[in-house]
Amino acid sequence: MLKMPQLSQFTVKILSYISKGLKRKQRLSQLVLFLFIGFFSSIANANILPKVQYHTHTLAHHLHSPWSMVKLPNDIWLITERDGHVVIVKDNQQIRVNLNLEGLYVAGQGGLLDIVLAPDFNTSKNVFITYAQGNAQANRLVIAKTSFNGTHFSKPTVIYKVATDKNTPQHYAGRALILPDNTLLFSTGDGFDFREQAQVITSQLGKILRIHLDGTPPKDNPFINHTNPRAHAIYSLGHRNPQGLVYDDDTQQIISHEHGPAGGDELNYLTPGTNYGWPVITYGRDYSQARISPFTEYKGMQKPSVDWTPSIAPSSMAYYSAKYTAFPSLQKQVLISTLVDQKLYSVNLADGAFTQTHVFPEASGRLRNVYVTTEGNIAVLTDGKDAKLMIFKPE
């Protein structure tokens, strides 16, 4: 669980002097004491947090509900917009291209979502995307492959469809990650009204799925021998709406985060075949404040490593590896963009306490995505109908 940092000895002594110097009838109210604690705590933290000198630059303006981005080796950026366009950012110019996606369903949280490069992009030029397909009565998340030659995209081809249709335009999840073994991991949400299906092994809602790059399930998937083929691609279950998915190449672990309801946002270490509990265990409540479940733990279900209650609404995540030297103070941490808190956080994975820090205050407002370049620079994508892409570089 997230923990507030401990007060320094200096801070404790100051508070002790203040407390002893107050007459019984003139004690400060609890609120004022909290203000003192917060003030001195911030001073203590400022002394231990390294100063980072950086500058920021806006790479793209006036984006239309963007969702994800990727940087190519030749400094071209590709930014997805939920209406099916990709914005190509090249030489300070923006070109908006319609991918003409088969059956694209743009409603609620649906539309064009994530974009990742193939491991052999330099030679194949292949790109993988996730998007919502179908209509109001029956829709689903799909994975498609296209190629990009520097100016144009080939016609996208769907390589995998989530096998369980739904009739809601929410909770697609849709985050994709290519693992070192060249398999593709991607998240699928519970569809909002179908949360119980996150626990059903023959439903592909509320799951993390794993496929080969041709769309077939790997033979070492945990449920590959299940009698129902819908279970063959499932990597883990019991998820609500995971939109953060990264690989920690320092410890060789997969990490995800997901939206809870009112509270109960989670960060989890993913292992194959594990049940992460939704909706049986949760720290959140329904939006009506009704209790979803009486359990925060249950036999056979994995509790989150981090719980955010109240919700921060984590929208994406990037891992800042020890190999990056641009911002050494962020090494072995995950960067998390948020929609409700409207901040960019770093969470320290190496300190044993998952210490959380607000970083780059210029990245404010609803934040949709965060991305680390091969140089170790950090890009942040804002959300909404007039969004922008910013990049942070060390001075």
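**Exercise 1. Find which residues touch the most other members of the largest nonpolar core.**

Solution. Start with the term: a nonpolar core is a set of buried Ala, Val, Leu, Ile, Met, Phe, Trp, Tyr and Cys residues joined through side-chain atoms within 4.5 Å. Buried means under 20% relative accessible area, exposed is over 50%, and partly exposed is in between, using a 1.4 Å probe and protein chains only. The largest core here has 32 residues, and Leu78, Ile79, Ile129 and Leu389 touch the most other members. Strand β4 (residues 85-90) gives the largest share of this core, with four residues. Strands (E, at least two residues) and helices (H or I, at least four) are DSSP runs numbered from the N terminus.

Before going on, two notes on the source. This is a predicted model, where local features need pLDDT of at least 70 and side-chain atom pairs count only at pLDDT 80 or more, while totals for chains, interfaces and linings use all residues. Residues are numbered from 1 along each chain as its sequence is written, and side-chain values use heavy atoms, with hydrogens and water left out.

**Exercise 2. List what Leu78 is in contact with, leaving aside its neighbours within four places in sequence.**

Solution. Contact means heavy atoms within 4.5 Å. With that cut-off, Leu78 meets Ser68, Met69, Val70 and Leu72, then Val86, Val87 and Ile88, and finally Ile115, Phe148 and Phe153.

**Exercise 3. Work out how strand β6 (residues 112-117) is placed.**

Solution. Look at burial to begin with: five of the six β6 residues are buried, so the strand is largely enclosed by the rest of the structure. Now the pairing, which needs at least two DSSP bridges between two strands. β6 and β7 (residues 126-134) run antiparallel and are joined by four bridges. Across that pair, Ile115 stands opposite Ile129 of β7.
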